[in-house]
Amino acid sequence: MLGDLVAGALADAARRRETRSLAEVEAAALAAPPARDARAALAPAETIKVIAEVKRASPSRGSLASIPDPAALAVEYAAGGASAISVLTEERRFGGSLDDLVAVRAAVDTPLLRKDFIADPYQVLEARAAGADLVLLIVAALDDATLASLHGLITELGMTPLVETHDADEVRRAVDLGAGVIGVNARNLSTFELDRDLFGRLAPMIPAGTVRIAESAVLGVDDVIHYRAAGADAVLVGEALVTGGDPRAAVESFRKVS
């Protein structure tokens with residue numbers, strides 16, 4: 001599944017490149033206002049930080065919410081105190097687009113994460129041109145050379161890489177890379193099963209001073225408390241926010257966990 005998702009994302013990027021060249025996207029990226037300091041926004045604090053996600057669908061759950069106005073949802077997230085907002089831009093399985101990212105950027109000043117299956121520099125430049133401050137890099141999807149190259153480009157453009165891991169070997173690769181923000185995703189990308197305790201097993205491998213983010217398996221405050229007790233500096237939450245009916249209140253409740 002991961003291979004299919006990456007291949008699809010690269011095919012879609014290649015299609016966009018036919019109408020917007022690499023040179024054009026690079027010029028737009030370099031002309032964009034400076035990226036916000038997302039690492040500082042997610043840094044450890046007395047209470048947990050929340051990355052609230054604009055998420056219409058997923059391969060494991062299918063359709064979640066139509067979200068006709070992603071900007072309006074992002075405004076609610078920001079009002080609830082989200083430290084960052086994740087915008088899924090993958091088109092085929094998640095129903096997102098770069099237009100969603102552009103719309104959210106125009107609506108809020110909160111640091112934005114482009115969440116997609118990033119495997120090509122063109123996608124990184126697109127992210128910066130659209131106003132992203134963070135870019136997701138999935139260790140399982142990239143070899144070491146590509147991971148290092150993309151990590152370097154994201155940093156060079158002033159953005160923050162969020163390096164996502166799923167097992168001990170991937171955490172070691174992220175640490176060796178020098179990643180300043182490391183996520184542990186509780187969802188197995190092969191089976192889509194969730195393991196809420198995975199973060200707690202892997203977190204001790206992440207060096208002090210690194211922002212540690214728990215991803216997936218957050219359905220309510222109890223899950224946030226569980227992750228905080230295991231050492232999470234932030235949680236990334238999508239499904240619970242887009243299906244819960246009151247995203248602002250949900251973000252507020254999550255970020256009060258200390």
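Start by selecting proline 207, which sits in the loop between helix 9 (198-202) and strand 9 (211-215). You are looking at a predicted model, so please keep that in mind at every stop. Is proline 207 buried, exposed or partly exposed? Its relative accessible area is 34%, so it counts as partly exposed. Proline 207 and leucine 150 are 57 residues apart along the chain, and the C-alpha atoms are separated by 22 Å.

**Next stop: strand 4**

Select residues 84-88, which make up strand 4. How many of its 5 residues are buried? The count is 5 of 5, so the strand is mostly covered.

Keep strand 4 on screen and bring in its partners. Strand 1 (residues 49-54) pairs with strand 4 in the parallel sense, over 4 bridges.

What do you get when helix 5 (residues 98-107) is shown together with strand 4 and strand 5? The three elements make a right-handed β-α-β unit.

**Zoom in on serine 86**

Serine 86 belongs to strand 4. Why does serine 86 count as buried? Its relative accessibility is 0%, and buried means under 20%. Display its side chain along with that of glutamate 53: a polar contact of 2.7 Å joins the two.

**Into the largest pocket**

Rolling a probe the size of a water molecule over the atoms shows where empty space is left. The largest pocket holds about 500 Å³ of space. Helix 1 (2-19), strand 6 (134-138), strand 10 (234-237) and helix 11 (239-243) are the elements that give two or more residues to the lining. Colour the lining by class and you will find 18 nonpolar, 5 polar and 8 charged residues.

While you are here, click Ser216. Serine 216 lies in the loop between strand 9 and helix 10 (221-229). Its phi is near 75°, a positive value in a residue other than glycine.

**The cavity**

The structure also holds 1 cavity of 30 Å³ or more. The volume of the largest cavity is about 40 Å³. To surround it, select Ala9, Asp12, Arg16, Thr89, Glu90, Glu91, Arg114, Asp116 and Gln123, which form its lining. Which element gives the largest share of that lining? Helix 1 does, with 3 residues. By class, the cavity lining has 1 nonpolar, 2 polar and 6 charged residues.

Stay on helix 1 and select alanine 13, which has its place there. Alanine 13 has a relative accessible area of 5%, so it is buried.

Move to isoleucine 67, in the loop between strand 3 (62-63) and helix 4 (70-80). Isoleucine 67 is not a glycine, but it has a positive phi of about 45°. Is isoleucine 67 buried or exposed? With 9% relative accessibility, it counts as buried.

Finish at alanine 179, in the loop between helix 8 (168-177) and strand 8 (181-185). Alanine 179 counts as buried because its relative accessibility is 6%. Select valine 163 too and draw one more line. Alanine 179 and valine 163 are 16 residues apart along the chain, with 6.7 Å between their C-alpha atoms.

Terms used: Residues are numbered from 1 along each chain as its sequence is written. This is a predicted model: local features need pLDDT of at least 70, side-chain atom pairs count only at pLDDT 80 or more; totals for chains, interfaces and linings use all residues. Side-chain values use heavy atoms; hydrogens and water are left out. Buried means under 20% relative accessible area, exposed over 50%, partly exposed in between (1.4 Å probe, protein chains only). Two strands pair if DSSP finds at least two bridges between them. A crossover is right-handed if, with the strands pointing away from the viewer, the path from the first strand over the helix to the second runs clockwise. On a 1 Å grid over the protein atoms alone, a cavity is a set of points where a 1.4 Å probe fits but cannot get out, and a pocket is an open set with protein on both sides within 12 Å along at least five of seven lines; lining residues have an atom within 4 Å of a point. Grid points are joined across faces, edges and corners, and a volume is the space filled by probe spheres set on the points. Ala, Val, Leu, Ile, Met, Phe, Trp, Tyr, Cys and Pro count as nonpolar, Asp, Glu, Lys and Arg as charged, and the others, Gly among them, as polar. A polar contact is a pair of N or O atoms within 3.5 Å; within protein, one must be able to donate a hydrogen and the other to accept it, and residues adjacent in sequence count only if both atoms are side-chain atoms.
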